[in-house]
Amino acid sequence: MATSVTIVIAYMAMSVYAQQGAEQQEAARMAYYGTMQMDYAHYMLIAMASIVTLFFIWKTALRFTFHLRHLYAQANENQRYFARNDYHMALLKRYLVDAPLFRTRHNREFQLFHAVNLGSLPNRFQAICLAGLIAMNVSLCVLNIPFSDRKSYPELLRNRTGTLAVTNLIPMVILVGRNNPLIPLLGLSFDTWNFFHRWIARIAALEGIAHMLTFVVAEVKQSGWAALAKAIQGHRQITTGLIIIVGFVSLVLTGASPLRHAFYETFLHVHILLVLMTFVTLWYHLQDMPQQKYLLATLVLWVAELAVRLIINVYRNLIGGKTTAKVEALPGDASRITLKLARPWTVRPGQHVYICIPSIGLWTFHPFSVAWSEKQQALTDEKGLVMTQQDVVSTQTETISLLVRRRTGFTDRLYKHASKGIDGQAHLSAFVEGPYGEIHNLDSYGTVVLFAGGVGITHHIPFIRHLARGYADGVVAARRVTLIWTIKSPEHLEWVRPWMNTILQMDRRREILRIMLFITRPRSTNEIRSPSSTIEMFSGRPNIQTVLDKEIEQQIGAMGVMVCGSGALSDDVRHACRQRQVSSNIDYIEESFSW
Ligand SMILES: Cc1cc2nc3c(=O)[nH]c(=O)nc-3n(C[C@H](O)[C@H](O)[C@H](O)COP(=O)(O)OP(=O)(O)OC[C@H]3O[C@@H](n4cnc5c(N)ncnc54)[C@H](O)[C@@H]3O)c2cc1C
Ligand SMILES: *[C@@H]1O[C@H](CO)[C@@H](O)[C@H](O)[C@H]1NC(C)=O
């Protein structure tokens with residue numbers, strides 16, 4: 001009897017022990033999956049960083065070859081070697097780097113009806129990166145989830161998708177900053193990074209939705225809808241989760257191209273408020289979880305970017321003087337803004353600044369290309385007496401000028417304000433933030449072809465000035481620079497007249513610069529006059545391929561083709577360049593003035 005009791009007790013003890021063993025095993029298994037999901041999150045960040053690094057190495061190699069070309073070509077008339085193309089590079093440019101996703105369309109927006117555009121297509125290179133990004137996220141969400149284990153897989157899937165959604169916030173916030181260091185490092189413009197910002201956000205939102213669905217499905221399967229309804233009430237994870245999903249989905253929807261472009265300022269304000277709401281809620285949702293540190297990293301990066309902007313603004317506009325703006329209303333719906341800088345910088349081609357004019361646009365900042373810069377010497381003091389040389393240096397002021405096309409918001413109010421002023425001018429105080437951009441260098445191209453549509457000319461003028469001066473000084477490769485500018489009416493010539501006059505009078509300008517003006521809607525034919533052999537005027541639109549082929553016939557060295565104008569113009573120039581990239585060395589560069 002006693003023995004049998006002992007046996008039973010021993011057996012019971014053993015089974016408890018065994019059960020404990022099973023529980024321990026199960027706990028170890030779950031812990032293993034917990035570590036795994038954090039590992040996967042890290043792999044994702046590492047993969048992204050690796051792609052960026054590879055791209056950086058490639059870009060650095062390219063910059064180095066351009067630099068060598070620049071050094072050699074600046075002193076040599078014979079640049080025939082550089083005019084030939086490298087067959088493999090040509091294919092790469094033609095079919096990948098410069099290619100639109102399908103056929104020719106890239107920038108021209110899909111328009112539903114007037115003013116509502118459905119956005120533009122990514123180019124082939126962006127599309128491939130995006131496909132990689134999606135594939136990586138999908139595989140990391142499901143990799144090594146034991147789908148045969150009916151009981152535990154929903155929770156594992158739930159935790160995995162949630163973790164990846166939060167991890168994606170880190171690259172997402174880095175890419176949207178205007179001070180994103182990848183812009184200068186990789187020489188890719190803000191709008192390219194903004195494209196990835198939007199897609200990473202969409203992926204994170206989908207992962208968030210999957211995270212919620214796995215929870216709902218598991219709950220309903222286990223205990224039915226009634227239990228789910230009960231669980232929703234009062235459970236912190238679930239209420240915060242719901243708010244976050246609503247936040248994410250609203251962010252994605254309000255960020256859609258038509259809304260964003262039609263109501264940019266409203267979009268931006270709503271966007272920031274929604275982000276704040278979502279992130280604060282997410283903070284509570286992730287309380288006591290290791291994933292919270294990813295959100296912390298995201299917040300730190302965001303605050304750091306804002307702080308950099310604040311510092312730039314304070315440094316440029318508040319310490320050591322104020323920035324003032326002279327706004328002139330010009331014929332043809334444009335304004336010229338001349339900013340007197342308290343803290344000047346060395347203006348280089350391709351730069352843009354953000355400006356804020358509180359009396360017109362409150363706290364909003366708008367980006368504009370720097371079209372011109374000038375040092376102005378105050379030669380006389382207030383009483384009209386000539387000052388000594390020393391005083392002259394100390395009163396030197398530097399101005400930069402912007403050309404602003406009138407649209408419907410801030411730019412419209414600015415134009416109206418200036419037209420009401422004396423002589424169509426207004427003097428206002430302003431904030432200037434910058435310089436940004438400046439990612440293209442044309443110094444190593446023997447032939448430079450610049451296509452501009454309308455106000456897109458502002459982006460090209462500094463390049464023309466820089467190359468003409470560089471040619472006279474013998475420090476650039478350029479031997480032939482052609483500007484093809486398409487405008488609606490001759491009055492638009494007024495926009496750039498003072499700057500053009502200066503350029504046209506530059507030393508040895510005639511040897512290098514040719515200008516072709518296309519007027520699409522001339523009022524009469526006698527408006528179309530060609531002032532000289534180097535400045536020609538035509539009516540109608542240019543045939544891009546014909547113009548480009550003429551340049552190729554005369555090509556010296558490598559050819560750089562840059563375009564700034566409407567999406568349709570960019571697409572045409574891109575197409576024309578790709579047609580000739582296999583027979584000649586042509587690089588295509590575009591600036592779109594939007595995102
Ligand atoms: C890098 C860059 C350089 C630019 N350079 C010039 C230039 O030299 N000359 C010029 O006339 N225009 C330039 N633009 C375009 C210019 O920023 C917009 O036309 C201007 O901000 C429109 O202001 P709005 O309130 O009148 O716009 P709206 O009439 O409300 O909108 C017109 C368009 O401008 C976009 N937009 C509006 N506000 C902003 C903003 N704060 N930031 C970005 N986009 C906005 C909208 O999405 C919309 O597509 C440039 C844009 C970029 C991105
Ligand atoms: C899933 O995440 C929750 C919350 O962090 C945690 O309590 C749970 O143990 C995790 N489950 C697994 C299987 O990792």
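Modeller: With pairing. Two strands count as a pair if at least two bridges are found between them. Keep in mind that this is a predicted model.

Biologist: What is the order of the strands in the open sheet of six strands?

Modeller: The general idea: strands of a sheet pair through backbone hydrogen bonds, either parallel or antiparallel. Here the order is S13-S12-S11-S10-S14-S15, and the pairing is parallel. Strand S13 (535-539) and strand S15 (586-591) are the edge strands, each pairing on one side only. From one strand to the next, the twist averages 15°.

Biologist: How many bridges join strand S14 to S15?

Modeller: Six bridges join strand S14 (residues 559-564) to S15, and the two run parallel. Take Val561: its bridge partner in S15 is Tyr588.

Biologist: Which helix packs on the sheet?

Modeller: Helix H17 (residues 497-504) does. Helix H17 touches strand S11 (480-487), strand S12 (513-519) and S13. Its direction makes about 150° with that of S12.

Biologist: Now the ligands. How many residues surround ligand 1, and which are the closest?

Modeller: Start with the shell. Ligand 1 has 24 residues around it, and the closest are His366, Pro367, Arg405, Thr408 and Thr411. Then sort by class: ten are nonpolar, nine polar and five charged. Strand S6 (366-369) is one of the elements that supply at least two residues of this shell. S6 gives the largest share, four residues.

Biologist: Which polar atoms lie by the oxygen atoms of ligand 1?

Modeller: Look at backbone and side chain separately. A polar backbone atom of Arg405 is 2.7 Å from an oxygen atom of ligand 1. A backbone N or O atom of Phe410 lies 2.8 Å from an oxygen atom of the ligand. From Thr411, a polar side-chain atom lies 2.5 Å from an oxygen atom of ligand 1. Ligand 1 taken alone exposes 880 Å², and the protein buries 89% of that.

Biologist: What surrounds ligand 2?

Modeller: Read it the same way. Met30, Glu155, Leu156, Asn159 and Met289 surround ligand 2. Three of the shell residues are nonpolar, one is polar and one charged. Helix H5 (residues 153-167) brings the largest share, three residues. A polar side-chain atom of Glu155 lies 2.7 Å from a nitrogen atom of ligand 2. For Asn159, a polar side-chain atom lies 2.4 Å from an oxygen atom of ligand 2.

Biologist: How much of ligand 2 does the protein bury?

Modeller: Taken alone, ligand 2 exposes 360 Å². The protein buries 61% of that.

How values were computed: Residues are numbered from 1 along each chain as its sequence is written. Chains are lettered from A and ligands numbered from 1 in the order in which they are written. This is a predicted model: local features need pLDDT of at least 70, side-chain atom pairs count only at pLDDT 80 or more; totals for chains, interfaces and linings use all residues. Side-chain values use heavy atoms; hydrogens and water are left out. A residue is near a molecule or strand if one of its heavy atoms lies within 4 Å of it. A polar contact is a pair of N or O atoms within 3.5 Å; within protein, one must be able to donate a hydrogen and the other to accept it, and residues adjacent in sequence count only if both atoms are side-chain atoms. Accessible areas come from the Shrake-Rupley method with a 1.4 Å probe; for residues, only the protein chains shown count as cover. Ala, Val, Leu, Ile, Met, Phe, Trp, Tyr, Cys and Pro count as nonpolar, Asp, Glu, Lys and Arg as charged, and the others, Gly among them, as polar. Axes are lines fitted to C-alpha atoms, for helices over the stretch in contact, and angles run from 0 to 180 degrees between N-to-C directions. Contact means heavy atoms within 4.5 Å.
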